[in-house]
Amino acid sequence: MNLWQLVAVGLVMLLGLLGVLVPGIPGPLIVWAGTLWWALSEKSGLAWTVLIGATAVLLLNQVVKWLLPARNPRAAGAPYRTLFLAGVAGIVGFFVVPVLGCPLGAVGGLYLLERIRLGGHGQAWASTRTVLRATGLSVLVELFACLLVAGSWAGAVSAG
């Protein structure tokens, strides 16, 4: 697989990660499709192993999401823009502090954005807790699964 194809697969993965944060866009399916594209082009044992692992992780993600309560961002009170930017902070956090940076970045970004929007610590913290209860857990589980797949793909590309 040449460099341009790898960049294109990486962009598909990034689109899938952002799709987790935007309602209506099937982020996990896009991440899986990017992994499938790479595995079909690469045709190596490592590529097939990553694809099988990605499939297992994303299927497990769907089961876990089904067991969690439904998310309702409007009932939580935070605007979609705040939720989206908090998710972006989670993606950045995942790469800054591997694995643990995802929830730390998302929650920290959400609190910071709510503090700017609402003006005070008490209101921002109450809003952050409400949003986390309503949407955070479901979105974080899905984002974490997609980040594991994207991270596995990136590791396999750098190793291979």
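Okay, hi everyone. One thing before I start: what you see on the screen is a predicted model.

Let's begin with helix H5. It runs over residues 80-96, which makes 17 residues. From its first C-alpha to its last it reaches 24 Å, close to the 24 Å expected at 1.5 Å a residue. So which residues of H5 are buried? The list is Thr82, Leu83, Ala86, Gly87, Gly90, Ile91, Gly93 and Phe94.

Now, who does H5 sit against? Have a look at H6. In general, two packed helices are described by the angle between their axes and the distance between the axes. For H5 and H6, the angle is about 145° and the axes are 7 Å apart. The crossing of H5 past H6 is right-handed. If you want to find the contact on your own screen, the residues on the H5 side include Leu83, Ala86, Gly90 and Phe94. On the H6 side, look for Gly105, Gly109, Leu113, Glu114 and Arg117, among others.

Side chains of opposite charge can pair when their charged atoms come close. How many salt bridges does a search of the whole structure find? It finds two. One of them joins Arg117 and Glu114, at 2.8 Å from N to O. These two residues are three apart in helix H6, so about one helical turn separates them. Are they buried or exposed? Arg117 is partly exposed, at 39% relative accessibility. Glu114 has a relative accessible area of 0%, so Glu114 is buried.

While we're at Glu114, there's a residue from another part of the chain to point out. Ala78 lies in the loop between helix H4 (73-76) and H5. Ala78 and Glu114 are 36 residues apart in sequence, yet their C-alpha atoms are 7.8 Å apart in space. Ala78 is buried as well, with 1% relative accessibility.

The other salt bridge is between Lys65 and Glu142, whose closest N and O atoms are 2.4 Å apart. Lys65 is partly exposed at 23%, while Glu142 is buried at 4%.

Last topic: aromatic rings. A pair of aromatic rings is described by the distance of the centres and the angle of the planes. The count here comes to two aromatic pairs. Phe94 and Phe95 make an edge-to-face pair, with 5.3 Å from centre to centre and 90° between the planes.

Tyr111 comes out as buried, at 19%, since the cut-off for buried is under 20%. Trp125, at 36%, is partly exposed.

Key
Residues are numbered from 1 along each chain as its sequence is written. This is a predicted model: local features need pLDDT of at least 70, side-chain atom pairs count only at pLDDT 80 or more; totals for chains, interfaces and linings use all residues. Side-chain values use heavy atoms; hydrogens and water are left out. Helices (H or I, at least four residues) and strands (E, at least two) are DSSP runs, numbered from the N terminus. The expected span of a helix is 1.5 Å times one less than its number of residues. Buried means under 20% relative accessible area, exposed over 50%, partly exposed in between (1.4 Å probe, protein chains only). Rings of Phe, Tyr and Trp (its six-membered ring) pair if their centres lie within 6.5 Å; planes under 30 degrees apart count as stacked, over 60 as edge-to-face and the rest as tilted. A salt bridge is a side-chain nitrogen of Lys or Arg within 4 Å of a carboxyl oxygen of Asp or Glu. Axes are lines fitted to C-alpha atoms, for helices over the stretch in contact, and angles run from 0 to 180 degrees between N-to-C directions. A crossing is left-handed if the near helix is turned anticlockwise from the far one by less than a right angle, and right-handed if clockwise. Contact means heavy atoms within 4.5 Å.
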